[in-house]
Amino acid sequence: MHKRASLFCLASLGFGLAFLYLPMVILVIYSFNASRLVTVWGGWSTRWYAELLRDEAMLDAAWTSLRVALLSAGAATVLGTLAALALTRIGRFRGRLPFSAMVYAPLVMPEVITGLSLLLLFVAADIDRGFWTLSVAHTTLTMCFVTIIVQASLIGFDGSLEEAAMDLGCPPLRTFLTVTLPLIAPALASGFMLAFALSLDDLVIASFTSGPGATTLPIQIYSQVRLGVKPEINAICTIMIAVVAAAVIAASLIAKWRDLRSAGTGLPAA
Amino acid sequence: MSASSTDSSVTPARSLGQRLVILVPYLWLAAFFLLPFGIVLKISLSETALAQPPYVPLLDLSAGWDGIKAFLGGLSLDRYGLIFSDSLYLSSYLRSLEVATLSTLMLLAIGYPIAYAVTRMPARTQGVLVLLIVLPFWTSFLIRVYAWINILQHDGLLNQALLALGLVSEPIAFLATDKALYIGLVYSYLPFMVLPIYATLVKLDDTLLEAAADLGCRRWQAFWWVTLPLSLPGVAAGVLLCFIPIVGEFVAPDLLGGSVDPMVGQTLWTEFFANKDWPVASAIAVTLLLLLGGPILIYQHLQARNLRVGP
């Protein structure tokens, strides 16, 4: 093996990981701080978690965020998968170029622009802003991430399996359901999770497209953070980090397990 | 809109199912991505009005030709004139470009060695390391910025540590300065820089390096002449993936940077939420989009090429 980790490599890895994780670790530790002063350590305590449970506004916001994230991630998975199929399995169609441009653009589009433009659309159409407008906005934002993940998975195996099924007389819809879908299922799962996490995290687009009745968790946290650091905010952030970390680790374990089972079939790791 | 032409122009063999597969996401994106930009463009050309919604109405088609004439007559470039004449707007664009350029360079300087180091590890460890680098990306941007407020505030941990070590005699002001802004931006965007570079480096054929070594290349020479040029597509993707969103960034400059010298995302936010001047906010958005149009097109080109070559 010519691969050899030099001291420089190890040092930059160590620095990188410390840089990425130290702030998070400090945030988590200080959420268990008994002192109200966020910079003074007053011993271990879970009182801020108990405090959170009494914070009606925060709980409401969390519930709204969860519902929006579930709905928009579901819709984004369906739309994103259709877009991925259109881009990989249907070959050329007129309008393919603007289509793929629209699919990839939200990835890098600054959120203030997407948020503002969607808000103006809702106002122009005279739709009250709230749960539904927010879900539509998040679906639009996250479907491109699903498309990219599913597209990579569809490119990862050739179409000969589907062609074989069709040659044997299987109708296209059934081919999709019985051949394609099981093969891309891990990609769908990770696409859904990514969409879910992005929706749960979004502040900017949510600020533009949600109304007074639909405050999400990030909007609530943001309005509190503007007033300064508070131990309750550390607690709610710790819970969000824990949920996301558990989900991502579970997903990668599932992908690994599937990899082991299907080793050699050329399936992409989701 | 081009969506309707798709339906009529598909090749004859196209089945209903295939049409639906194209049409459903196409119409969704046309309605919720393309159309809104048209509206932004229109409102950026409108006069500000003290009403709800605070701009002169959209195209009134029910009035027929007169409606269209009134519509065209009502368009004005005044908002754009304002943007280019008022130094507040111009300086926030320049500020955004400066911050995005500098932080992207920092990200490259920090991210490239990390991506390179990951590829030098045994294959088993690489998977874990990539997961560890991606993991923070999944947590909220807001939380990641907030984590730094904890550390950087006046009596925060960083100042406590510096004081305890005797490196400074009194606390340094980090929050509401450029230091905090750049730390926050580099921290938040690091995975976006590392992953694309790693993805190209890991595909690199090791035999090329062996060949270089056999021909008498030193390690750093092999790196300079073989590894670095071959990793440039990944570098380009990483740079664009960081630069474009940072230009329009709002959360990090708002919470970590100062309010004296706002970035364009903050200016747009203020015009919209505080000043309720929707036409000016729209004109800022359109100008920002024009500014980023080039980089976005290059990124799309790279992305499309990557997907054609395959993962």
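Is Arg54(A) buried or exposed? At 59% relative accessibility, Arg54(A) counts as exposed, where exposed means over 50% relative accessible area, buried under 20% and partly exposed in between (1.4 Å probe, protein chains only). The model is predicted, so that local features need pLDDT of at least 70 and side-chain atom pairs count only at pLDDT 80 or more, whereas totals for chains, interfaces and linings use all residues. Residues are numbered from 1 along each chain as its sequence is written, chains are lettered from A and ligands numbered from 1 in the order in which they are written, and side-chain values use heavy atoms, with hydrogens and water left out.

Chain A has 11 helices and zero strands; helices (H or I, at least four residues) and strands (E, at least two) are DSSP runs, numbered from the N terminus. Of the 270 residues in chain A, 54% are buried. One of the residues of helix 2 (residues 47–53) of chain A is Trp48(A), which counts as buried at 0% relative accessibility. In contrast to Trp48(A), which is buried, Asp126(A) is exposed, at 69% relative accessibility. Asp126(A) is found in the loop between helix 5 (111–124) and helix 6 (131–156) of chain A, and its phi is near 60°, a positive value in a residue other than glycine.

Over all chains, the structure holds five salt bridges, a salt bridge being a side-chain nitrogen of Lys or Arg within 4 Å of a carboxyl oxygen of Asp or Glu. One of them joins the side chains of Glu51(A) and Arg54(A) (3.0 Å, N to O). Glu51(A) is partly exposed, with a relative accessible area of 24%. Another salt bridge joins the side chains of Glu162(A) and Arg89(A) (3.0 Å, N to O). This pair links distant parts of the chain, with Glu162(A) in helix 7 (residues 160–167) and Arg89(A) in helix 3 (residues 56–89) of chain A, 73 residues apart. Glu162(A) counts as buried at 9% relative accessibility, while Arg89(A) is partly exposed at 28%.

In chain B, Arg95(B) forms a salt bridge with Asp261(B), the closest N and O atoms being 3.9 Å apart. Here too distant parts of the chain are linked: Arg95(B) lies in helix 5 (residues 87–119) of chain B and Asp261(B) in the loop between helix 13 (251–255) and helix 14, 166 residues apart. Arg95(B) is buried, with a relative accessible area of 7%, and Asp261(B) is partly exposed, with 38%. Together with Asp178(B), these two residues are linked in a network of salt bridges.

Helix 14 (residues 264–274) of chain B contains Glu271(B). This residue counts as buried at 6% relative accessibility. The side chain of Glu271(B) makes a polar contact with the side chain of Asn275(B) (3.3 Å); a polar contact is a pair of N or O atoms within 3.5 Å, and within protein one must be able to donate a hydrogen and the other to accept it, residues adjacent in sequence counting only if both atoms are side-chain atoms. Elsewhere in chain B, Ala176(B) lies in the loop between helix 8 (157–164) and helix 9 (178–202). Phi of Ala176(B) is near 60°, a positive value in a residue other than glycine.
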